[in-house]
Amino acid sequence: MSANLLLEELDIKAMPQIEVEKMLNVLLLRKSKGFSQFELSFLMGQRDFYVRDVENPNHTLVYAVPFTNIFRQIFDCDVQAIVPDINSRPSYSIRILEATDESNKIFYRAVKQIEGKDWELIDEFGTEEKDVLLEFEESGIFSTEEMVKNWVLDKIEAGYFDSAKNALQIFKDCSAELEGKVRPLFLADALKACNGTKGLPKLAKKKDRNGRFVYTKSL
(Lines give C-alpha, C1' and ligand atoms only; values in the text may rest on other atoms or scores of the structure.)
Protein backbone atom coordinates (compact mmCIF):
# COMPACT_ATOMS: atom_id res chain seq x y z
CA MET A 1 0.00 0.00 0.00
CA SER A 2 1.39 3.38 -0.98
CA ALA A 3 2.34 5.66 1.90
CA ASN A 4 0.66 8.55 0.06
CA LEU A 5 -2.85 7.08 0.23
CA LEU A 6 -5.33 8.73 2.57
CA LEU A 7 -6.35 6.27 5.28
CA GLU A 8 -9.74 6.42 6.96
CA GLU A 9 -10.68 4.34 9.98
CA LEU A 10 -13.60 1.97 9.46
CA ASP A 11 -16.32 1.50 12.02
CA ILE A 12 -16.05 -2.19 12.85
CA LYS A 13 -17.93 -2.01 16.15
CA ALA A 14 -20.99 -3.59 14.53
CA MET A 15 -19.05 -6.84 14.04
CA PRO A 16 -18.06 -8.89 17.13
CA GLN A 17 -14.37 -8.45 17.89
CA ILE A 18 -13.83 -12.20 17.84
CA GLU A 19 -15.03 -12.34 14.22
CA VAL A 20 -12.73 -9.50 13.16
CA GLU A 21 -9.75 -11.20 14.77
CA LYS A 22 -10.67 -14.61 13.40
CA MET A 23 -10.76 -13.12 9.90
CA LEU A 24 -7.34 -11.54 10.41
CA ASN A 25 -5.87 -14.75 11.89
CA VAL A 26 -7.06 -16.77 8.88
CA LEU A 27 -5.74 -14.05 6.56
CA LEU A 28 -2.27 -14.38 8.07
CA LEU A 29 -2.42 -18.18 7.97
CA ARG A 30 -3.44 -18.34 4.31
CA LYS A 31 -0.73 -15.87 3.30
CA SER A 32 1.89 -17.87 5.21
CA LYS A 33 0.85 -20.88 3.09
CA GLY A 34 0.80 -18.85 -0.12
CA PHE A 35 -2.95 -19.39 -0.63
CA SER A 36 -4.97 -16.73 -2.43
CA GLN A 37 -8.51 -15.79 -1.46
CA PHE A 38 -9.83 -18.01 -4.25
CA GLU A 39 -7.58 -20.94 -3.32
CA LEU A 40 -8.69 -20.91 0.31
CA SER A 41 -12.35 -20.72 -0.77
CA PHE A 42 -11.71 -23.75 -3.00
CA LEU A 43 -10.11 -25.76 -0.18
CA MET A 44 -12.99 -24.84 2.13
CA GLY A 45 -15.43 -26.20 -0.44
CA GLN A 46 -17.14 -22.83 -0.88
CA ARG A 47 -17.96 -20.49 -3.76
CA ASP A 48 -15.10 -18.71 -5.50
CA PHE A 49 -15.36 -15.38 -3.68
CA TYR A 50 -16.32 -16.58 -0.22
CA VAL A 51 -13.01 -15.63 1.42
CA ARG A 52 -12.86 -12.36 -0.52
CA ASP A 53 -16.22 -11.37 0.98
CA VAL A 54 -15.22 -12.37 4.52
CA GLU A 55 -12.02 -10.31 4.21
CA ASN A 56 -14.01 -7.27 3.12
CA PRO A 57 -14.58 -5.32 6.38
CA ASN A 58 -17.62 -3.68 4.79
CA HIS A 59 -19.24 -7.08 4.19
CA THR A 60 -21.32 -8.89 6.83
CA LEU A 61 -20.12 -12.42 6.02
CA VAL A 62 -18.09 -14.17 8.74
CA TYR A 63 -16.50 -17.61 9.16
CA ALA A 64 -19.08 -19.91 10.73
CA VAL A 65 -18.04 -22.09 13.68
CA PRO A 66 -17.78 -25.35 11.63
CA PHE A 67 -15.04 -23.77 9.51
CA THR A 68 -12.69 -23.73 12.51
CA ASN A 69 -12.08 -27.47 12.24
CA ILE A 70 -11.67 -27.19 8.46
CA PHE A 71 -9.08 -24.44 8.95
CA ARG A 72 -7.22 -26.66 11.42
CA GLN A 73 -6.96 -29.31 8.70
CA ILE A 74 -5.96 -26.83 6.00
CA PHE A 75 -3.29 -25.04 8.02
CA ASP A 76 -2.28 -27.88 10.35
CA CYS A 77 -2.65 -25.64 13.39
CA ASP A 78 -4.44 -25.56 16.74
CA VAL A 79 -7.65 -23.73 17.55
CA GLN A 80 -5.77 -20.88 19.27
CA ALA A 81 -4.17 -19.91 15.94
CA ILE A 82 -7.66 -19.28 14.54
CA VAL A 83 -9.98 -18.30 17.40
CA PRO A 84 -8.56 -15.47 19.56
CA ASP A 85 -8.80 -15.10 23.32
CA ILE A 86 -10.46 -11.68 23.46
CA ASN A 87 -10.27 -11.68 27.27
CA SER A 88 -6.49 -11.99 27.38
CA ARG A 89 -4.43 -9.53 29.39
CA PRO A 90 -3.06 -6.96 28.86
CA SER A 91 -6.04 -5.64 26.91
CA TYR A 92 -5.68 -4.52 23.32
CA SER A 93 -7.50 -2.75 20.50
CA ILE A 94 -7.72 -3.41 16.77
CA ARG A 95 -8.42 -0.92 14.01
CA ILE A 96 -8.94 -1.38 10.29
CA LEU A 97 -8.11 1.54 8.00
CA GLU A 98 -9.32 1.91 4.42
CA ALA A 99 -7.73 3.64 1.44
CA THR A 100 -8.59 3.96 -2.26
CA ASP A 101 -5.86 4.33 -4.89
CA GLU A 102 -5.91 6.25 -8.17
CA SER A 103 -7.61 3.34 -9.98
CA ASN A 104 -10.36 3.16 -7.32
CA LYS A 105 -8.98 -0.06 -5.89
CA ILE A 106 -9.66 -0.38 -2.15
CA PHE A 107 -7.00 -1.45 0.32
CA TYR A 108 -7.16 -2.17 4.04
CA ARG A 109 -4.60 -1.90 6.82
CA ALA A 110 -5.18 -3.71 10.12
CA VAL A 111 -3.32 -2.45 13.18
CA LYS A 112 -3.20 -3.54 16.83
CA GLN A 113 -2.38 -1.69 20.02
CA ILE A 114 -1.60 -3.53 23.22
CA GLU A 115 -2.41 -1.49 26.31
CA GLY A 116 0.34 1.04 26.96
CA LYS A 117 2.18 0.42 23.68
CA ASP A 118 2.23 1.90 20.18
CA TRP A 119 0.06 0.75 17.27
CA GLU A 120 1.63 -2.08 15.27
CA LEU A 121 0.81 -3.37 11.79
CA ILE A 122 -1.03 -6.70 11.58
CA ASP A 123 -1.28 -6.84 7.80
CA GLU A 124 -2.40 -5.04 4.66
CA PHE A 125 -4.90 -6.65 2.31
CA GLY A 126 -7.54 -6.10 -0.34
CA THR A 127 -9.32 -7.79 -3.23
CA GLU A 128 -7.17 -10.35 -5.06
CA GLU A 129 -7.54 -11.51 -8.65
CA LYS A 130 -8.93 -15.02 -8.91
CA ASP A 131 -5.85 -16.41 -10.70
CA VAL A 132 -3.20 -14.65 -8.60
CA LEU A 133 -0.33 -16.84 -7.41
CA LEU A 134 1.01 -15.72 -4.04
CA GLU A 135 4.54 -16.55 -3.00
CA PHE A 136 5.17 -19.50 -0.71
CA GLU A 137 7.12 -18.70 2.46
CA GLU A 138 8.96 -21.99 2.12
CA SER A 139 11.29 -22.60 -0.79
CA GLY A 140 11.46 -25.90 -2.61
CA ILE A 141 10.14 -27.82 -5.57
CA PHE A 142 6.71 -27.04 -7.02
CA SER A 143 4.42 -29.32 -8.99
CA THR A 144 3.59 -27.92 -12.41
CA GLU A 145 0.10 -27.32 -13.74
CA GLU A 146 0.57 -30.21 -16.19
CA MET A 147 1.63 -32.58 -13.41
CA VAL A 148 -1.49 -31.76 -11.41
CA LYS A 149 -3.76 -32.15 -14.43
CA ASN A 150 -2.25 -35.55 -15.28
CA TRP A 151 -2.66 -36.65 -11.65
CA VAL A 152 -6.38 -35.84 -11.77
CA LEU A 153 -6.83 -37.70 -15.06
CA ASP A 154 -4.97 -40.74 -13.72
CA LYS A 155 -7.14 -40.73 -10.61
CA ILE A 156 -10.32 -40.61 -12.65
CA GLU A 157 -9.12 -43.60 -14.64
CA ALA A 158 -8.18 -45.46 -11.45
CA GLY A 159 -11.64 -45.01 -9.89
CA TYR A 160 -10.60 -42.46 -7.26
CA PHE A 161 -13.57 -40.25 -8.13
CA ASP A 162 -16.11 -43.06 -8.16
CA SER A 163 -17.02 -41.81 -4.68
CA ALA A 164 -17.41 -38.11 -3.91
CA LYS A 165 -14.33 -36.27 -2.64
CA ASN A 166 -14.12 -32.71 -1.28
CA ALA A 167 -11.41 -30.33 -2.48
CA LEU A 168 -9.33 -30.51 0.70
CA GLN A 169 -9.17 -34.30 0.61
CA ILE A 170 -8.20 -34.21 -3.07
CA PHE A 171 -5.58 -31.55 -2.38
CA LYS A 172 -4.04 -33.53 0.47
CA ASP A 173 -3.93 -36.74 -1.58
CA CYS A 174 -2.44 -34.90 -4.56
CA SER A 175 0.16 -33.20 -2.36
CA ALA A 176 1.12 -36.53 -0.82
CA GLU A 177 1.65 -38.26 -4.15
CA LEU A 178 3.25 -35.55 -6.30
CA GLU A 179 6.79 -34.35 -5.93
CA GLY A 180 6.78 -30.73 -4.82
CA LYS A 181 4.22 -28.31 -3.41
CA VAL A 182 0.85 -28.22 -5.15
CA ARG A 183 -0.91 -24.99 -6.04
CA PRO A 184 -4.63 -25.24 -5.13
CA LEU A 185 -5.33 -23.09 -8.20
CA PHE A 186 -3.80 -25.74 -10.49
CA LEU A 187 -5.94 -28.42 -8.87
CA ALA A 188 -9.11 -26.32 -9.12
CA ASP A 189 -8.42 -25.67 -12.80
CA ALA A 190 -7.73 -29.36 -13.46
CA LEU A 191 -11.01 -30.40 -11.84
CA LYS A 192 -12.94 -27.74 -13.74
CA ALA A 193 -11.38 -28.79 -17.04
CA CYS A 194 -12.86 -32.28 -16.65
CA ASN A 195 -16.23 -31.27 -18.07
CA GLY A 196 -16.70 -33.93 -20.75
CA THR A 197 -15.42 -31.80 -23.65
CA LYS A 198 -12.25 -32.04 -25.75
CA GLY A 199 -12.02 -35.76 -25.07
CA LEU A 200 -11.74 -35.29 -21.31
CA PRO A 201 -13.78 -37.24 -18.75
CA LYS A 202 -16.51 -35.45 -16.81
CA LEU A 203 -16.57 -34.72 -13.11
CA ALA A 204 -19.76 -33.59 -11.42
CA LYS A 205 -19.57 -30.87 -8.77
CA LYS A 206 -22.25 -30.60 -6.13
CA LYS A 207 -22.76 -29.67 -2.49
CA ASP A 208 -22.70 -32.38 0.17
CA ARG A 209 -24.86 -32.41 3.31
CA ASN A 210 -22.26 -30.26 5.08
CA GLY A 211 -22.53 -27.53 2.46
CA ARG A 212 -19.14 -28.22 0.85
CA PHE A 213 -18.55 -28.80 -2.82
CA VAL A 214 -17.56 -32.36 -3.70
CA TYR A 215 -16.42 -33.93 -6.94
CA THR A 216 -17.42 -37.29 -8.39
CA LYS A 217 -17.18 -39.00 -11.77
CA SER A 218 -20.25 -38.60 -13.95
CA LEU A 219 -21.71 -41.79 -15.37
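I take buried to mean under 20% relative accessible area, exposed over 50%, and partly exposed in between, with a 1.4 Å probe and protein chains only. By that rule alanine 190 is buried, because its relative accessible area is 5%.

**Entry 1: ground rules**

I note that this is a predicted model, in which local features need pLDDT of at least 70, side-chain atom pairs count only at pLDDT 80 or more, and totals for chains, interfaces and linings use all residues. Residues are numbered from 1 along each chain as its sequence is written, and side-chain values use heavy atoms, with hydrogens and water left out.

**Entry 2: the chain as a whole**

I looked up the secondary structure and found 7 helices and 7 strands. Helices (H or I, at least four residues) and strands (E, at least two) are DSSP runs, numbered from the N terminus. In sequence order the pattern reads β-α-α-α-α-β-β-β-α-β-α-α-β-β. The C-alpha trace spans about 60 × 40 × 35 Å along its principal axes. The chain has 219 residues, of which 42% count as buried.

I then turned to contacts, where contact means heavy atoms within 4.5 Å. Among contacts between residues at least 6 apart in sequence, 61% join residues at least 24 apart.

**Entry 3: the nonpolar core**

A nonpolar core is a set of buried Ala, Val, Leu, Ile, Met, Phe, Trp, Tyr and Cys residues joined through side-chain atoms within 4.5 Å. Which residues have the most contacts inside the largest core? I recorded Tyr63, Phe71, Ile74 and Val152, in a core of 53 residues. For tyrosine 63 I set aside neighbours within four places in sequence; the residues in contact with tyrosine 63 include Glu19, Lys22, Met23, Leu40, Met44 and Phe71.

**Entry 4: helix H2 against helix H7**

Axes are lines fitted to C-alpha atoms, for helices over the stretch in contact, and angles run from 0 to 180 degrees between N-to-C directions. The axes of H2 (residues 37–44) and H7 come within 9 Å and cross at roughly 60°. H2 is therefore oblique to H7. Angles under 35 degrees count as roughly parallel, over 145 as roughly antiparallel, 65 to 115 as roughly perpendicular and the rest as oblique.

The crossing of H2 with H7 is left-handed. A crossing is left-handed if the near helix is turned anticlockwise from the far one by less than a right angle, and right-handed if clockwise. From H2, the contact is made by Phe38, Glu39, Phe42 and Leu43; from H7, by Pro184, Leu185, Leu187, Ala188 and Leu191.

How many residues of H2 are buried? I found that 8 of its 8 residues are buried. Glycine 45 follows H2 and has a positive phi, near 80°.

**Entry 5: helix H6 against helix H7**

The axes of H6 (residues 167–177) and H7 (residues 184–193) come within 11 Å and cross at roughly 115°. H6 is therefore roughly perpendicular to H7. H6 passes H7 in a right-handed crossing. Ala167, Ile170 and Phe171 of H6 meet Pro184, Leu187 and Leu191 of H7. This contact has 6 nonpolar, no polar and no charged residues.

**Entry 6: two single residues**

Alanine 190 lies in H7. Leaving out residues up to four places away in sequence, alanine 190 touches Val148, Lys149 and Val152. Its C-alpha atom is separated by 8.8 Å from that of glutamate 146, 44 residues apart along the chain.

Arginine 72 lies in helix H4 (residues 67–75). Arginine 72 counts as partly exposed because its relative accessibility is 36%. With residues up to four places away not counted, arginine 72 touches Cys77, Asp78, Val79 and Ile82.

**Entry 7: backbone details**

Most residues other than glycine have a negative phi, and most peptide bonds are trans. I looked for departures. Aspartate 76, in the loop between H4 and E2, has a positive phi of about 55°. Asparagine 104, in the loop between E2 and strand E3 (106–114), has a positive phi near 65°. Aspartate 76 is exposed, at 69% relative accessible area, and asparagine 104 is exposed at 64%. The peptide bond from arginine 89 to proline 90 is cis, with omega near 0°. Proline 90 is in the loop between H4 and strand E2 (92–100).

Notes
Ala, Val, Leu, Ile, Met, Phe, Trp, Tyr, Cys and Pro count as nonpolar, Asp, Glu, Lys and Arg as charged, and the others, Gly among them, as polar.
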